[in-house]
2 protein chains.
Amino acid sequence: MSQPNPLARLLTLWGEIVDLERTEGLLEWDQETVMPAKGVAGRGKLASTLARARHERLVSAELAEAIAAVREGAAPGSDQAAQAAEAERLAGRARKVPADLAAALAEAKSGALAAWQQARAEARFATFAPHLERLVALKKEEAAAVSGGARPYDALLDLYEPGSTEAALVPLFADLTARLAPLVEAVAASGTQIDESAVLGTFPAEVQRQLALEVLGAIGFDLEAGRLDPATHPFCIGIHGGDTRLTWRWQEDDLRPGLYGILHEGGHGLYEQGLPPAWERTPLGAAVSLGIHESQSRLWENHVGRGRPFLRWLLPRLRAHFPFFVGQRVERIWPVLHQVRPSLIRVEADEVTYNLHVAVRFEIERALFGGEVAVADLPATWDDLYGRFLGLRPGNAAEGVLQDIHWSLASFGYFPTYTLGTLAAAQLWQAAERDLPDLEEAIARGELSPLLGWLREHVHRWGSRWRPAELIERATGGPLSAEPFLAYVEATTREVYGLA
Amino acid sequence: MSQPNPLARLLTLWGEIVDLERTEGLLEWDQETVMPAKGVAGRGKLASTLARARHERLVSAELAEAIAAVREGAAPGSDQAAQAAEAERLAGRARKVPADLAAALAEAKSGALAAWQQARAEARFATFAPHLERLVALKKEEAAAVSGGARPYDALLDLYEPGSTEAALVPLFADLTARLAPLVEAVAASGTQIDESAVLGTFPAEVQRQLALEVLGAIGFDLEAGRLDPATHPFCIGIHGGDTRLTWRWQEDDLRPGLYGILHEGGHGLYEQGLPPAWERTPLGAAVSLGIHESQSRLWENHVGRGRPFLRWLLPRLRAHFPFFVGQRVERIWPVLHQVRPSLIRVEADEVTYNLHVAVRFEIERALFGGEVAVADLPATWDDLYGRFLGLRPGNAAEGVLQDIHWSLASFGYFPTYTLGTLAAAQLWQAAERDLPDLEEAIARGELSPLLGWLREHVHRWGSRWRPAELIERATGGPLSAEPFLAYVEATTREVYGLA
């Protein structure tokens, strides 16, 4: 009797799961970019059939046996063992969620999204509250099923950031808020107003698109293995090897949303394009976490894109595209990119206050899943936290507790990855600067391939081989810390606002 | 114990099969229109995983039981019985093909396509011949498995045109060739040369696109429930309700390919948009056959688009788009659209000789599957038939037996549907003229909704409720015949060439 290679068996089964997931991604891209308006109703059926076919495979006994067979034969610490462990992490989680619970969640979500849209339009939390109650209750059940009694919020965090825990996040956020809050106060106290006119003008869409393509080329995004399309929601999606798609929006009166949007999505795209081809369609072949993904977008958007070296390279190109920039100087543009201005809306926040928005959501989520706050109290809790962290109070629920879509999708535990990514970006940047002494001069010459090479080597090529915490430690020499990020924003903010 | 409604059970299972097939369609559209060049390798995996998931469902015992349960309870002749019969036609066929044979065919096809491409580039039949031998042998096996010993070619025809048989096609093609061949000879003997300058000029792509959109709007294609994109291969694909996509190409120096291409694909698109919403995702909800689909494209392309009433409506619009047409007259354009000119390449053929190209392929396919000709003899057989039907002899195999992709895809029995569609288009047009006495005057006024309404009522809304032969009989009052088409082309050709 022939003994099939257990790893080959596992990878065959896993490959199909990946193919279905990728196809779901393509459906999503299609819907966001090219699907005709009247296609909405029909599209939902396709997506749910694919999701069901994928779930069946993920929880199948056949897959469980294949994983067990690989685990049994693999040397501890080997790639094979890691393949089996990653497969088991995902399949085991799916297996633990009862089918009834999964169905109840799917149903609750579809109702919740519509209710949230209505609630936000009306600025009326009560419209959304019963749906949110139901989602929280179901997610608590899910967390209990998955974690077997550990702190429920940890089971939710783990879905987006494998291995992360509330216990590890609390001190990180504490460090952050303790140092960012006084920084924001000092900015306000300084009385300094930033002159934004250096980036406000008229920048036609088609010319911005040409600039965006030029920037993508410069940072090393392969446009023969990817696309750039306009869409209401900017995102990056890796369909499969050789096909990574970015979507993008811009403003014609302000250069920043388009330029920093393309650097952000381009950073995500470089990660997708750098995933290990040898592990394509295997458990280890995917991006390891949302936080690490976000670290790549933030690194290109902020540490490269808002830095003086990049601006020195960029300015002549801006002049070629827009007469507006003739006579403009880097030293007038740079401060505008480091403006600090507390606001109520997360997606419009600057790089300093952004993390305070995330801290509000982290506080609320852990209290919600720790049973320390009830859904009914969220608007007041939200407003109080905004007062405490940002010194502002929402005028209504639409610009307060109802502003984000995430909770209506039952994506609890997702928000912290934005900050984890921001912190990791700063730490990776610091490590790259240490390893590449010529980094800033190279960037000013438009040579971005050394940096990309460093990221390929230390982040991209590892796929899901190491958990996020271990990946950061291997790449930077130390555990994830808020310090590099704080040092970076404190330095830029002090310079821009002339603080002591 | 609850007894689930057997029809609901069948439709749930069938709906998933439809969803997977539709997703495969979307993958194909994506690959032909927007996929980045480097995505090719990764894309194949997605498509084959989906096809496998669909096939598993189609041959499942669960589906067979659901079909049987509906058959048992349904009144003969009812819609329910028809749902079960159509499901069984497709599932039964899939069940009869052994998995090994299906796998061998899939493998043989992928090799054959590459070999055909190379063979055509080299104009060397021997490069393709062994692959074609293998495909024919496997398709004979498939036909035998499916038909249980009936004439094997019938089992292949049935795949594209349910219910059609070689025995029924032979007299149709005999009528056609018997009357078209002398017509073509008479054209040659007339010595008349058509002046094509009325449609040859410079027609910029962007303006042609605007015209195409205007034409689509005029014929009633709903662009909020569809798209138009440029692509190398023009096609129409109905993804699902509310999402029908057309692809299209054009020539900047000749108005015809773009204009008649959009009418052709638009005709396909109107059929897809007119399928019965109540039967969406059910066996009866799909277009009934390739021949009926082609009848819709040919009707709009030829009977509407090449007719004087449409040209009278079109000409002022052409003038608005292209100064070229200022001073142009319908009577100078009309003859150019009815030119008859034997050629070697099917896809470039006029509406008269096109069917002679198809007749060549029909003769070859039935001889091949009847065992009367060997693959090795195909080049000579092909050249002889072109001599006989079109009076021309290919200079090499690339413009002869290797010109079509179909056989490399193992699509034997597909070609006849082109002619079936052409004949059906003429017969439907005749019936519509009879039922709508004001038809031509309405078209000249740009009122195309009465015609579309007639097609919706007699063709589109029936989905797969009636076999093609019955559909035609119900719509036109008689069985499919070559006579309406022959009467149409004989009349136009005699007028254009001044024949007796």
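1. In this predicted model, helix α14 (residues 354–369) of chain B and helix α16 (residues 416–435) of chain B have axes that come within 8 Å and cross at roughly 140 degrees. Helices (H or I, at least four residues) and strands (E, at least two) are DSSP runs, numbered from the N terminus. Axes are lines fitted to C-alpha atoms, for helices over the stretch in contact, and angles run from 0 to 180 degrees between N-to-C directions. The helices α14(B) and α16(B) are therefore oblique to each other; angles under 35 degrees count as roughly parallel, over 145 as roughly antiparallel, 65 to 115 as roughly perpendicular and the rest as oblique.

2. The crossing of α14(B) and α16(B) is left-handed. A crossing is left-handed if the near helix is turned anticlockwise from the far one by less than a right angle, and right-handed if clockwise. From α14(B), the residues B:Tyr354, B:Asn355, B:Val358, B:Phe362 and B:Glu365 meet B:Pro416, B:Tyr418, B:Thr419 and B:Thr422 of α16(B), where contact means heavy atoms within 4.5 Å. By class, the residues of this contact are five nonpolar, three polar and one charged. Ala, Val, Leu, Ile, Met, Phe, Trp, Tyr, Cys and Pro count as nonpolar, Asp, Glu, Lys and Arg as charged, and the others, Gly among them, as polar.

3. Another helix pair in chain B is α1 (residues 6–33) and α3 (residues 61–73), packed at an angle of about 140 degrees with axes 8 Å apart. The helices α1(B) and α3(B) are therefore oblique to each other, and their crossing is left-handed. On the α1(B) side the contact includes B:Leu10, B:Trp14 and B:Ile17, and on the α3(B) side B:Ala66, B:Ile67 and B:Val70 are among the residues involved. The residues of this contact divide into 11 nonpolar, no polar and two charged.

4. In chain A, helix α16 (residues 416–435) packs against helix α18 (residues 449–458) at an angle of about 115 degrees, with axes 11 Å apart. The crossing of α16(A) and α18(A) is right-handed. Here A:Leu428, A:Trp429, A:Ala431, A:Ala432 and A:Asp435 of α16(A) meet A:Leu451, A:Trp454 and A:His458 of α18(A). This contact has six nonpolar, one polar and one charged residues.

5. How much area is buried between chain B and chain A? The value is about 3000 Å², of which carbon and sulfur atoms give 57%. Buried area is the accessible area (1.4 Å probe) that two parts lose on being put together, summed over both. B:Pro36, B:Lys38 and B:Leu46 supply 18% of the area that chain B buries against chain A, more than any other three residues.

6. Between chain B and chain A there are 10 salt bridges; over all chains, the whole structure has 86. A salt bridge is a side-chain nitrogen of Lys or Arg within 4 Å of a carboxyl oxygen of Asp or Glu. One such pair is A:Arg43 with B:Asp243 (2.9 Å, N to O). Another is B:Arg245 with A:Asp30 (2.7 Å, N to O). B:Arg245 lies in strand β3 (residues 243–248) of chain B and A:Asp30 in helix α1 (residues 6–33) of chain A, so the pair joins two chains.

7. On conventions, residues are numbered from 1 along each chain as its sequence is written, and chains are lettered from A and ligands numbered from 1 in the order in which they are written. Local features need pLDDT of at least 70, side-chain atom pairs count only at pLDDT 80 or more, totals for chains, interfaces and linings use all residues, and side-chain values use heavy atoms, with hydrogens and water left out.
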